[in-house]
Every structure is written in structure tokens, then in C-alpha cells.
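Work through the exercises below with the sequence and the model open. Each task is followed by a solution in steps.

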Amino acid sequence: MPSHLRLAFLASTAILGACAPMSSTPQNPMSFFVTSANPGKGADLGGLAGADAYCQTLATSANAGGKNWRAYLSAPASGASPAVNARERIGRDPWQNAKGVVVATSVDNLHSADNQLTKQNSLSEKGELVSGRGDAVNMHDMLTGSTADGRLDTSAPDTTCGGWTQSGAGSAIVGHHDRIGINESAPMKSWNASHATPGCSPEALKSVGGAGLFYCFAAN
């Protein structure tokens with residue numbers, strides 16, 4: 001090929017290459033995780049909206065942000081807004097952790113004895129185990145504000161630290177992600193409804209085995 005034609009061919013190839021779309025990294029199929037850390041204010045998560053946004057941020061950091069992430073939290077009525085049940089805000093699809101393990105196939109399965117939520121499966125967005133009872137640091141308390149069937153717990157005046165806006169006085173219902181407690185009772189083995197906290201601050205949550213962590217589910 002003459003040199004001038006060869007140069008023209010190389011130039012056109014370079015232009016076509018520059019115009020070709022860049023390959024994108026496939027989205028992480030993860031649709032469930034435990035937050036790897038608390039936003040910083042104990043049970044004050046900025047309400048449901050703030051908690052959802054935090055789930056979205058952590059999911060995005062794990063390349064799973066292309067979904068509608070929701071925090072598994074119930075909340076009381078406020079003003080014109082009705083009470084919210086955690087089970088009704090997380091979608092209906094099967095959910096899998098960062099390792100591809102399906103932890104629940106439906107909302108009903110999630111709230112049954114057949115779900116696969118255990119310490120080994122309730123991984124963070126990074127795909128890491130979250131420490132629990134028996135580890136050097138126990139962080140098995142998960143904020144939920146919910147009953148075992150995923151609805152707002154109304155057994156006390158405050159079960160959600162003021163709708164997830166308080167980091168001092170108040171109380172929240174938590175579940176045990178490792179399904180282990182101080183005895184063999186059903187609440188101690190519950191992933192979402194184990195006991196109330198003595199307060200809403202990081203220190204109060206830590207005193208009973210928590211770090212202000214919570215569950216995130218993809219609602220689509």
C-alpha cells in the first residue's frame with residue numbers, strides 16, 4: 001500500500017476508535033446488604049429519606065447504584081404522613097447478597113423461618129462479614145423499629161428513635177443479624193425484632209451490642 005494511503009487508513013482507524021463507545025463495567029447484581037458503617041449520628045439517620053440515601057451511596061460505592069435502594073426501617077406517622085412498615089417499602093423481588101447468595105425469595109419468605117439471613121449471609125456492601133456476638137466487637141444489632149412480621153412496632157411510645165431523627169434520648173427496636181442472643185428465645189434469634197435499645201446515641205447503641213447499622217434492600 002502506498003505510504004500516503006497507509007497514513008490515511010491509520011488516521012481513519014484512529015478516528016473510528018476514538019468515536020467507539022467505551023466499555024462499561026457491569027453493574028453489581030447485589031440487591032441486599034448490611035451497612036458497613038453508621039452515618040455518624042447513631043440512630044439519627046436523617047429520617048427514612050436520609051437512610052435511603054445512605055443505602056444508595058453505599059450501593060453506588062460497590063457499583064450497585066443502578067437500583068432503587070431502601071432502608072429496612074419502619075417509622076411512625078408524622079404530620080400528614082401515615083406510619084410506614086419496613087416490609088412495604090423494599091419491593092417484592094428475590095434479594096441476593098454481594099456473593100450472589102439469595103437471602104429471601106419474596107417479602108413473605110423474608111419474614112418466615114425459611115429466609116437465609118445469617119451472619120454468613122448478611123454481608124456488608126463490600127461483601128464482608130459483620131461482626132456479631134462472640135467476636136471482639138459485637139455489632140449484631142440492626143436498627144429496624146419493626147415487629148417480626150416487618151411492621152411498625154407500637155409496643156412502646158418510641159421504637160424508632162423519633163422516626164430515625166434522634167441521637168440522644170429515645171429507643172429503637174433492633175434485630176440480630178447473626179441470629180444469636182443471650183438466650184434461646186425467639187426474639188434473640190430474630191433478624192429484625194430482638195429488643196429495644198437504651199438510647200439513640202452511638203454510645204447507647206454500642207452498650208447493647210450495636211453500631212447503628214441497618215439493612216438495605218433493592219426495591220426494583
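**Exercise 1.** How many bridges join strand β1 (residues 32-34) to β8, and do the two run parallel or antiparallel?

Solution. The model is predicted. Step one: count the bridges between β1 and β8, which gives three. Step two: read the direction, which is antiparallel.

**Exercise 2.** State how strands β2 and β5 pair with β8.

Solution. Step one: take β2 (residues 69-71), which is joined to β8 by three bridges in the antiparallel sense. Here R70 stands opposite F217 of β8. Step two: take β5 (residues 141-143), which also has three bridges to β8, but in the parallel sense. In this case D141 faces G210 of β8.

**Exercise 3.** Why is strand β8 (residues 210-218) described as largely enclosed by the rest of the structure?

Solution. Step one: a residue is buried when its relative accessible area is under 20%. Step two: eight of the nine residues of β8 are buried, so the strand is largely enclosed by the rest of the structure.

**Exercise 4.** Describe the chain as a whole, from its elements to its contacts and surface.

Solution. Step one: count five helices and eight strands. Step two: write their order along the sequence, α-β-α-β-β-β-α-β-α-β-β-α-β. Step three: consider contacts between residues at least 6 apart in sequence; 64% of them join residues at least 24 apart. Step four: the accessible surface is about 10600 Å², with 58% belonging to carbon and sulfur atoms.

Conventions:
Residues numbered from 1 in each chain as written. Predicted model: local features only at pLDDT ≥ 70, side-chain atom pairs only at ≥ 80, totals over all residues. Heavy atoms only, no water. Helix = DSSP H or I, 4+ residues; strand = E, 2+ residues; numbered from the N terminus. Contact = heavy atoms within 4.5 Å. Areas by Shrake-Rupley, 256 points an atom, 1.4 Å probe, with all protein chains shown as cover. Buried < 20%, exposed > 50% of the residue type's maximum accessible area, 1.4 Å probe, protein only. Pairing = 2+ DSSP bridges.
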